[in-house]
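Subject: Structure handover

Hi,

Here is the structure I promised to pass on. Please open it alongside this message; my notes follow below it.

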Amino acid sequence: MSTSALRPPSLLRLLGAWRVEESAEPAYRQLAQALRMLVLDGRVGLNVRLPGERELAAALGLSRTTIAAAFDRLRDEGYLESRQGSGSVTRLPPGRVELETPEIDMVSHGNILNWTHAALPAAPGVGRACQAAVEALPAFLGELGYDPLGLPPLRRAIAAQFERRGCPTSPDQIIVTNGAQQGFALLLQWLTGPGDRAVIDHPTYHNVIQALQRAHVVPVPVGLPAQGWDIDAIEAAFRQTSPRFAYVIADFHNPTGRSMDPATRRALVAAATRSHTPLIIDETMVAMGLDFPAPPPVAIHDPSGRQVITMGSASKIFWGGLRVGWIRADPQTIAALGRLRTTMDMASPVVEQLAVAQLIDGDEGLGPRADLLRARRDHLIAQIEKHLPHWRVESPAGGLSLWAELPRAEATALAAIAESHGVRVAPGPRFGVSGAFERFLRLPFTLPEEQLTMGVERLAEADARLHARMPRGRDSLAAALEADRLI
């Protein structure tokens, strides 16, 4: 496995305000704890080379002795491995820590509340669009119905939507797919082979991680800092790992909800251009802005038209039952994808394509549903502050879920116990690689408010049950590791 390196400016951004000056804990222990949590949270990936002791000491304004003591502690705990000529590389302690969960039967809460899906019911107008599609169908019955690139009316509608967003696009730059997932699978087959690498922001959409793993493509995770994206770290990953592509969710990111500002979009494309790394930009969530609309597409910063590949979908904005997605790229790439697509399937369903063309032409966006989602988002945050005040949540600018931060690395254990309390949630490691994000849960705010209240109350019960079984007064993961003699 190749090793990537983290430069001091990127590590400083990830560390943030790590040191508590008035604490009795020595600086080397505080630094070791901060670095350990970056690894556990997945913000620093595994097999990443940290800056050298002298370099990091200068960046942090500490003595080299302090840095060496912190690194020694992390090596003793199993979070760093020293390699001659390669410096200190991140690791996880050997063995898998299994936090004990109670062996109790499912309690009677009626049907279990499935809180794992970040999706909405059909938007207003979907039924009318389907009816209009059926009425328009006779004009297409004289044709074969096989068009690997997609129906011309839909390709024109998608191209026109890009035009309205400030990104000149022609229909020959569009291919229609059976949802964004098929689009990603198509790009994966076209761009990569087994053993290749792909840069991803971290955390990211869980189905993309699974698709990479099924294709035996090695994900190169670049952790998201407290705010925005770390372009320096992304460019370093480009240089150091020579990926076949980078996959980024720039618009109302799943699962964090953050949105990339225009300057960062421009810098991302410039970094990709310098390293000749294709960018796959997932715009599945682009219409899900709650506090502000998404900035213009990343593709507007690619005047050549060959650096940025954009994926979109009808599923989040209109309805998951409309399995229609699309890819925007240069015409040569689209033609190549069309030829490859015939080896997977022949075309997308005609009626669904006609319906989506009607919906895109209407260009209603979220409409009144934006107010509904804002109210549910704010209600969920208020319920967490009431019942789980020790959790940390930020209000996302868009998207469909909260990325809730727990005080301890116990998301998987909590999710297991929550199931016995009548609620099913998605723990953070589902959105990362190598067991990252054990301190996070994704909590969609797409359910009605009474169900959101019920979900938080049941989570609070599970949280209390979990802590009743754990050592008090210490970090639970550290206690579990110590019990297994790993530290």
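Start with the largest cavity: α9 gives the largest share of its lining, 5 residues. Keep in mind that this is a predicted model.

**Cavities**

How many cavities of 30 Å³ or more does a search of the whole structure find? The count is 5. The largest has a volume of about 160 Å³. It is lined by 18 residues. Closest to its centre are Leu6, Val48, Pro221, Val222 and Ala233. By class, the lining of the largest cavity has 10 nonpolar, 5 polar and 3 charged residues.

**Helix pairs**

Two packed helices are described by the angle between their axes and the distance between the axes.

Take α2 (residues 27-41) and α4 (residues 64-77) to begin with. Their axes come within 8 Å and cross at roughly 50°. That angle makes α2 oblique to α4. The crossing is right-handed. On the α2 side, the contact uses Ala27, Tyr28, Arg29, Leu31, Ala32, Leu35 and Arg36. On the α4 side, they meet Thr66, Ile67, Ala69, Ala70, Phe71, Arg73, Leu74 and Glu77. The contact of α2 with α4 holds 10 nonpolar, 1 polar and 4 charged residues.

Next come α6 (residues 152-164) and α12 (residues 350-362). Here the axes come within 9 Å and cross at roughly 25°. So α6 is roughly parallel to α12. Their crossing is left-handed. From α6, the contact takes Pro153, Leu154, Ala157, Ile158, Gln161 and Arg164. From α12, it takes Gln353, Val356, Ala357, Ile360 and Asp361. These residues divide into 7 nonpolar, 2 polar and 2 charged.

The last pair is α7 (residues 179-191) with α8 (206-214). The axes of α7 and α8 come within 11 Å and cross at roughly 30°. α7 passes α8 in a right-handed crossing. Gln181, Phe184 and Leu188 of α7 make the contact with Asn207, Val208, Ala211 and Leu212 of α8. What classes do the residues of the contact of α7 with α8 divide into? There are 5 nonpolar and 2 polar residues, and no charged ones.

**Backbone details**

Most residues other than glycine have a negative phi, and most peptide bonds are trans.

- His202 and Pro203 are joined by a cis peptide bond, with omega about 15°. Pro203 sits in the loop between β7 (197-202) and α8.
- Asn254 and Pro255 are also joined by a cis peptide bond, with omega about 25°. Find Pro255 in the loop between β9 (245-248) and α10 (262-275).
- His276 is not a glycine, but its phi is positive, near 55°. His276 lies in the loop between α10 and β10 (279-282).

**Where to look**

Then follow α2 across α4, where the axes come within 8 Å. Finish at the cis bond between His202 and Pro203.

Best wishes

Methods: Residues numbered from 1 in each chain as written. Predicted model: local features only at pLDDT ≥ 70, side-chain atom pairs only at ≥ 80, totals over all residues. Heavy atoms only, no water. Axes fitted to C-alpha atoms, helices over the stretch in contact; angles between N-to-C directions. Helix = DSSP H or I, 4+ residues; strand = E, 2+ residues; numbered from the N terminus. Parallel < 35°, antiparallel > 145°, perpendicular 65-115°, else oblique. Left-handed = near helix turned anticlockwise from the far one by under 90°. Contact = heavy atoms within 4.5 Å. Nonpolar A, V, L, I, M, F, W, Y, C, P; charged D, E, K, R; others polar. 1 Å grid on protein atoms, 1.4 Å probe; cavity = no way out; pocket = protein on both sides within 12 Å on 5 of 7 lines; lining within 4 Å. Points joined across faces, edges and corners; volume = space filled by probe spheres on them.
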